[in-house]
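We will go from one residue out to the whole chain.

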Amino acid sequence: MSIIFSRNKLNDYKDEKDSNVFLCRHLGDSDSFRTWMLGPNSDDASSNTTQYYGCYYVTNCTQVKSYGYNGSGVSSTYYAFLAVYEMTENADGSLTRGSQVDWQSSSTANTTVTLTSTTLDKGTIYCVYTGGYRNFIYEVAFQTPLVTTETTLANIESEGDTGKRYKIEDELVAVYADIDNGLLWCKDQGNASINPSSIIDGQIDFMNDANLTGTTGQCGRDWDQSNWVALKFPADQSINSLFSDIEGKKIAAGTVTGRYIDNENYTIEVLPVNNAYTLTFNGTAEYSKNVYCAANFLESNLNIGGNTGAVGVHGDNYFFMNPKIQEVCHITYAMWDGEKFVTPNSTEIQGAFNVNWSYNIEVQGGVPTLAVGETYQFDAVVCIPATRLNALKGGGTPSDNFLVYPTSLTGSDNIITGINDVYVDGYREVVGVEYVNSVGMTSDKPFQGLNIVVTRYSDGSHTAVKKIFK
């Protein structure tokens, strides 16, 4: 919104009866520009017969409001007013006043006044008068149309500016709703990720190889490489009906408008329409979550940043898909080591990630009780840590890649049994497992408490790790 100029006296505040004091301030919000204009003091507003007014020339403005107070002497002769005139711009830059397009007034004594004109067109220049007799105007507000950029989710996440408004022109799929936090995770369609990854000739797709992962991997499914976003709504009852059975629904293109509030963990604060939060749906979509293991969260295992996958002990090169930020996924082969999740002991390829329990606490009611050495599978949301140093690479080296937010991890119900029956480098099989307690006794079943688990393989090798069993 542009105020071209004002004929008010641009003085500092003066406590003088004949003084129009014009004080202008920008409120920092892109949709409004306000001025404060003080007429006569309130104790004189009941009897003065001098007209006080402010005159503003504005363009790119759609609404003006004038706020004030009428004194006891206000009548049909002496009153507050708001007048709007259309202006014509001349070739030399001067302005000529045309016809009056709006007039608002209030002649009610001893009352606050709000005068509103909504007839303004943003492409026209106007002259706005507001003021009156036996009253004072303390604030004039001009509203400009908010700029909303309509573009794809990919463009928002690659080029978008935080704080700006965007309308997403893609059709989205609602994948996971967290009503307690007012968050809805959605993806676009068409594998349009701004951070894609592809297999290199000669690589083995680790999570898609049934010989390596059994039935807990991708099982031959194509990888979904979409862009993801968390849509932020108020975490209150206003979204209860909206979030009911929303998972799996397709959200129509162009029906999500919001303010971009996080350009790392991509989040858009959805704006209401007519004071209500609504979305338009176009049926449902079939979607299966990508399945990752701890090795997918180790940067050196990924075909990104110049890396070319992970090399197994026998020289085979494995491909690991890189998780996408704000992706809702399924994680398997995640062994709890007491601090973080790592790849199981039988895995020759390293991997690890740290977790944040905040979503799991809301959904599952608390932090789960996990057994050191047990291997788990669960659904989760993938994010970048706030410090960008919270996730760990294998071996404990700090990584700036991923922080995982479990959403369905309850504890023992998520344990994967028979994990040692699969050797993930594909060349040796587990032929026996022996448990040794603290006094040297052995068994084919774990003892309660501390055990040394000795795993023997078909190639004659073995591993020995400490585990605690309850």
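Select serine 106 to begin. Its relative accessibility is 14%, so serine 106 counts as buried, the cut-off being under 20%. Bear in mind that this is a predicted model.

Now colour the strand around this residue. Serine 106 belongs to strand β7, which covers residues 95-106.

Which residues is serine 106 in contact with, leaving aside its neighbours within four places in sequence? Show Asn70, Val74, Tyr79, Ala80, Val113 and Leu115: serine 106 is in contact with each of these.

Keep Ala80 and Val113 on screen. Both belong to a core of 15 residues, which also includes Val58 and Leu120.

Go to the largest core next. The largest nonpolar core has 60 residues. Select Leu184, Phe341, Phe353 and Phe378, which touch the most other members. Then select residues 328-336, which form strand β24. Strand β24 gives the most to this core, with five residues. As background, nonpolar side chains tend to be buried together in soluble globular proteins.

Zoom out and switch to cartoon view. The chain holds 34 strands and four helices. Of its 470 residues, 48% are buried.

Finish with the surface. The accessible surface of the chain is about 21,900 Å². Carbon and sulfur atoms account for 44% of that area.

Terms used:
Residues numbered from 1 in each chain as written. Predicted model: local features only at pLDDT ≥ 70, side-chain atom pairs only at ≥ 80, totals over all residues. Heavy atoms only, no water. Core = buried A, V, L, I, M, F, W, Y, C linked by side-chain atoms within 4.5 Å. Buried < 20%, exposed > 50% of the residue type's maximum accessible area, 1.4 Å probe, protein only. Helix = DSSP H or I, 4+ residues; strand = E, 2+ residues; numbered from the N terminus. Areas by Shrake-Rupley, 256 points an atom, 1.4 Å probe, with all protein chains shown as cover. Contact = heavy atoms within 4.5 Å.
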